Amino acid sequence: MPVYTPSAATAPAPAPAVVPDPAPLVEGPVEPYQEPVTNDDPPLAQEARRAVQILNPSGDITMPRPAHPRVIGVANQKGGVGKTTSVVNIAVALALHGNRVLVIDLDPQGNASTGLDVPHHAGIPDVYDCLIDNTPIDDVVQQVQGIPNLWCVPATIDLAGAEIELVSVVARESRLARALQNHKAEYDYVFIDCPPSLGLLTVNAMVAAQEVMIPIQCEYYALEGVQQLTSNIALVKAHLNPRLDVTTVLLTMYDRRTRLADAVEQDVRAHFGDKALQAVIPRNVRVSEAPSYGQSVMTYDPGSRGATSYFEAALEIAHRGAAMGATA
């Protein structure tokens with residue numbers, strides 16, 4: 001939250017802020033953070049309260065768990081729209097609040113592995129071995145340090161050649177789906193971080209997933225490729241995976257100072273309807289800084305606007321998942 005700081009020439013030096021003890025956590029489903037209309041607490045205290053809610057150190061606050069595991073492919077063939085950032089931060093938020101989460105890094109750049117501080121240098125068993133050599137996921141999955149309910153299947157540079165090697169492989173589109181079906185562990189959420197393309201790796205993610213989440217940057221170029229993406233999803237649904245559907249659209253890098261961002265948001269909501277999350281991710285420097293420390297913004301700066309926004313998005317996804325189970 002922006003903090004107003006008076007200039008030194010016109011204002012006396014502020015007294016040291018006193019951070020009151022955070023309110024006791026209440027067991028049960030967590031409610032979204034809402035800034036009170038009138039709040040006399042200093043900004044630092046408000047930020048501390050948000051941080052406690054997001055980090056959930058006691059573990060008493062939980063987000064609703066889905067009735068059945070949700071396998072979600074996060075895809076957009078345009079690069080730089082926030083796919084990996086969204087996967088990492090939403091996965092951490094859900095895991096911090098009682099959900100068991102697996103992240104599969106299917107991007108040869110390995111950015112999701114970096115953001116979760118999971119080793120993914122050459123020679124580390126990774127998702128490439130699962131796709132090409134039928135290595136069980138049990139042999140390559142790694143526990144994310146510091147997040148008890150979060151696991152990751154890393155990607156190494158070997159994955160860069162998988163597109164070519166899969167061409168001659170039998171049932172090449174369903175290699176990841178088969179690996180997931182044979183995996184012994186149970187999760188509430190499986191997020192598959194797709195590369196910025198519509199090649200065989202992305203097709204493998206679509207065949208393995210039940211749902212697709214599309215992060216859309218609030219800029220004009222980001223809209224151009226969405227129609228092609230949805231057309232490809234429709235093809236996969238028609239020929240390879242009839243249960244696949246776009247269920248979640250997340251607006252990222254929103255800059256409230258521009259009319260363009262508002263126009264893109266309106267277009268996306270008009271096209272996708274209630275599939276678009278109400279939570280919108282703003283441009284925030286803390287979100288960009290966190291990966292350089294091998295962290296998500298949820299743990300790097302839990303009181304920041306970026307962390308609060310991703311927390312809201314994760315909470316909305318969790319409530320939608322619980323509702324889906326209730327109506328199934």
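**Notes on the predicted model**

1. Gln145 is found in the loop that runs between strand 5 (142-143) and strand 6 (150-153). The model is predicted, and the remarks that follow should be read accordingly. Gln145 counts as exposed because its relative accessible area is 66%, and the cut-off for that class is over 50%. Between Gln145 and Val118 there are 8.0 Å in space, C-alpha to C-alpha, although the two are 27 residues apart in sequence.

2. Tyr220, Tyr221 and Leu260 together make a nonpolar surface patch of about 370 Å². Of these residues, Leu260 belongs to helix 10 (residues 259-272). Leu260 has a relative accessibility of 42%, so it is classed as partly exposed; that class lies between the limits of under 20% for buried and over 50% for exposed.

3. The largest nonpolar core has 55 residues, and the members that touch the most others are Ile104, Val127, Ile192 and Ile216. Helix 7 (residues 200-208) supplies the largest share of this core, with seven residues. A further core, of 41 residues, lies apart from it; Ala91, Cys152, Ala314 and Ile317 are among its members.

4. Which residues does Ile216 touch, not counting residues up to four places away in sequence? The contacts of Ile216 are Asn76, Ala222, Leu223, Val226, Val249, Leu250, Leu251, Thr252, Val268 and Phe272. One of these, Phe272, falls at the end of the range given for helix 10 (residues 259-272).

Methods
Residues are numbered from 1 along each chain as its sequence is written. This is a predicted model: local features need pLDDT of at least 70, side-chain atom pairs count only at pLDDT 80 or more; totals for chains, interfaces and linings use all residues. Side-chain values use heavy atoms; hydrogens and water are left out. A nonpolar core is a set of buried Ala, Val, Leu, Ile, Met, Phe, Trp, Tyr and Cys residues joined through side-chain atoms within 4.5 Å. Buried means under 20% relative accessible area, exposed over 50%, partly exposed in between (1.4 Å probe, protein chains only). Helices (H or I, at least four residues) and strands (E, at least two) are DSSP runs, numbered from the N terminus. Contact means heavy atoms within 4.5 Å. Patches are made of residues with over 30% relative accessible area and no salt bridge: like charges are joined within 9 Å, nonpolar side chains (Val, Leu, Ile, Met, Phe, Trp, Tyr) within 5 Å. Accessible areas come from the Shrake-Rupley method with a 1.4 Å probe; for residues, only the protein chains shown count as cover. A salt bridge is a side-chain nitrogen of Lys or Arg within 4 Å of a carboxyl oxygen of Asp or Glu.
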